[in-house]
Amino acid sequence: MALNDHCGPHRTNSPVGSFSEFLLRYFNSSDNNLQYWGLDYPPLTAYHSLLCAYVAELINPDWIALHTSRGHESDQHKLFMRSTVFIADSMIYIPAVVLYCCYLKETSTKRKIASAFCTLLYPGLLLIDYGHFQYNCVSLGLTLWAVLGLSHDWDILGSLAFCLALNYKQMELYHALPFFCFLLGRCLKKGLKGKGLVLLVRLVATVAAAFALCWLPFLTQVEQTLQVLRRLFPVGRGLFEDKVANFWCSLNVLLKIKEILSPQTQLMFSFALTLLSLLPTCVKLTLQPSLQGFKYALVSCALSFFLFSYHVHEKSILLVSLPVCLILNEVPFMSIWFLLVSTFSMLPLLLKDQLALASVETTMGFSLACAASFSIFENLSEDELQLKPFSTWVKRYIPGFKVPAKMLKAWFLVSMTMMSLLTLMSITLEPPHKLPDLFPVLVCLVSCLHFLLFLIYFNIIILWDHKNGKNQKKIN
């Protein structure tokens, strides 16, 4: 497998110099080509990158030699890069997953082990982190630690963990609104004239202190700060990148919106549609804060951002997949279905990185593990799908209404068949000469349709949860 020029934010073949030189990694220069090894992630990623580079220099200075290391490729270097991912995984993400599953309430030990095992086997994260050489496990792991903190009423520690996640990867903004609304709802519930106000002040102080410490070296000059922000939010790169399975890329197949609309208009439409899609969930969570609603809001808001926000990457679907893993024990059928579709949606990126075989193998392993751990077809009742409140509401207007469980099974089998065939065709067949992007576009359209239906499903659960999650399985 060859390394490509965009293998991730932590380029271990980046040059090591003084700390003042390191602060210039966000600027383009003859010694720092932003198109090759320039940073476009927040400060914590920069510090991690520097640490990896120092370790790499001790092992083999050629890996990080200025200029001459560009394009360097060796088995030892790949092993080192994967080792750094595994260390980060083992220190942050894996312990968080295991601890989260251990604290699942009203769940057998066997089911807890199954949830942890299937979450850790999720192929999307494994392929991107170990094949695409990224460290999503760090930001996602910190977010999971934040969820654990809030679940145990450790609001300050939870907020600190999420601030660290946000300062590691700016895409954690996908999860920011649920955290904000949930904590604001807790403050309002306690009363803003008493304990609620104290909690609010402590939260604001924690967030301000965390951001100040992370950004302190980059705040010495205004231009330095602005350049970092420009790198973090590259508005000029366009509405979407490559063949990402979101609404805008899919719509562009039928209506060339990039050519019809100006960049400013695209940005405005993207912002408006994203806000409208997540507003009901955020309002509900603020007014009725519950752990159950919080977890589903993480899924819904992240999926809204992925589908409708500006400049989305294929791998951003991982930000939706993590909260879906959190509810794997509660709605296994829909969660497993989503996780399979999310991995499939990244197929064009995985093929570009020569990860076709690894993709098929890890997906098959994940599918077998889930089939052995969860009897997803045995019980597809309204209660199992968390659709009982919605079904009861619909029966007021349509007597005798039932959730079509048998039809869901059929749709699932059709979905799996379609994705399998498209995967096989993408790997083995050459596209028509006049339609070179045929297979990536089909993957994009099929995946986007799935995601839109999943968004409707998760929003139904959130908005019709009149009991506020009190009778649902949740973390203690």
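Modeller: With the naming of elements: helices are DSSP runs of H or I with at least four residues, and they are numbered from the N terminus. A loop can then be placed by the helices on either side, and F377, for example, sits in the loop between α18 and α19. Keep in mind that this is a predicted model.

Biologist: How is the confidence of the chain scored?

Modeller: By pLDDT, the predictor's confidence in each residue, from 0 to 100. The average for this chain is 87, and 93% of the residues score at least 70. Residues 1–13 have a pLDDT below 50, and that stretch makes 63 contacts in the model beyond near neighbours in sequence. Residues 468–476 also fall below 50, with 27 such contacts.

Biologist: Which other residues are found in the loop between α18 and α19?

Modeller: S381 is one of them. S381 has a relative accessible area of 27% and is therefore partly exposed. From S381 to D242, C-alpha to C-alpha, is 39 Å, and they are 139 residues apart along the chain. Q386 also belongs to this loop, and at 13% relative accessibility Q386 counts as buried.

Biologist: What is the phi of Q386?

Modeller: The general idea comes first. Most residues other than glycine have a negative phi. Q386 is not a glycine, and its phi is positive, near 65 degrees. H311 is another case, a residue other than glycine with a positive phi of about 55 degrees. H311 lies in the loop between α14 and α15, and its 11% relative accessibility means that H311 counts as buried.

Biologist: Which residues of α8 are buried, and what do they pack against?

Modeller: The buried residues of α8 include Y174, H175, F179 and L183, and also R186. The buried residues of α8 pack against α6, α7, α9, α13, α14 and α15. In α4 the buried residues are A114, S115, A116, C118 and T119, and their cover includes α3, α15 and α18.

Biologist: What does T281 touch?

Modeller: T281 is in helix α13, and a relative accessible area of 1% is why T281 counts as buried. Not counting residues up to four places away in sequence, T281 touches A297, S300, C301, N459, I462 and L463. Q292, in helix α14, is buried as well, because its relative accessibility is 2%. Q292 and S151 are 141 residues apart in sequence, and their C-alpha atoms are 9.8 Å apart.

Biologist: Last topic: pockets. How much space lies in the second largest pocket?

Modeller: Rolling a probe the size of a water molecule over the atoms shows where empty space is left. Here the second largest pocket holds about 590 Å³. It is lined by 20 residues, and those closest to its centre are M334, W337, L408, W411 and L453.

Biologist: Which helices supply the lining of the second largest pocket, and of what classes are its residues?

Modeller: α16, α20 and α21 each give at least two residues to that lining. α21 has the largest share, with 8 residues. By class, the lining has 18 nonpolar residues, 2 polar ones and no charged ones.

Conventions:
Residues are numbered from 1 along each chain as its sequence is written. This is a predicted model: local features need pLDDT of at least 70, side-chain atom pairs count only at pLDDT 80 or more; totals for chains, interfaces and linings use all residues. Side-chain values use heavy atoms; hydrogens and water are left out. Buried means under 20% relative accessible area, exposed over 50%, partly exposed in between (1.4 Å probe, protein chains only). Contact means heavy atoms within 4.5 Å. On a 1 Å grid over the protein atoms alone, a cavity is a set of points where a 1.4 Å probe fits but cannot get out, and a pocket is an open set with protein on both sides within 12 Å along at least five of seven lines; lining residues have an atom within 4 Å of a point. Grid points are joined across faces, edges and corners, and a volume is the space filled by probe spheres set on the points. Ala, Val, Leu, Ile, Met, Phe, Trp, Tyr, Cys and Pro count as nonpolar, Asp, Glu, Lys and Arg as charged, and the others, Gly among them, as polar.
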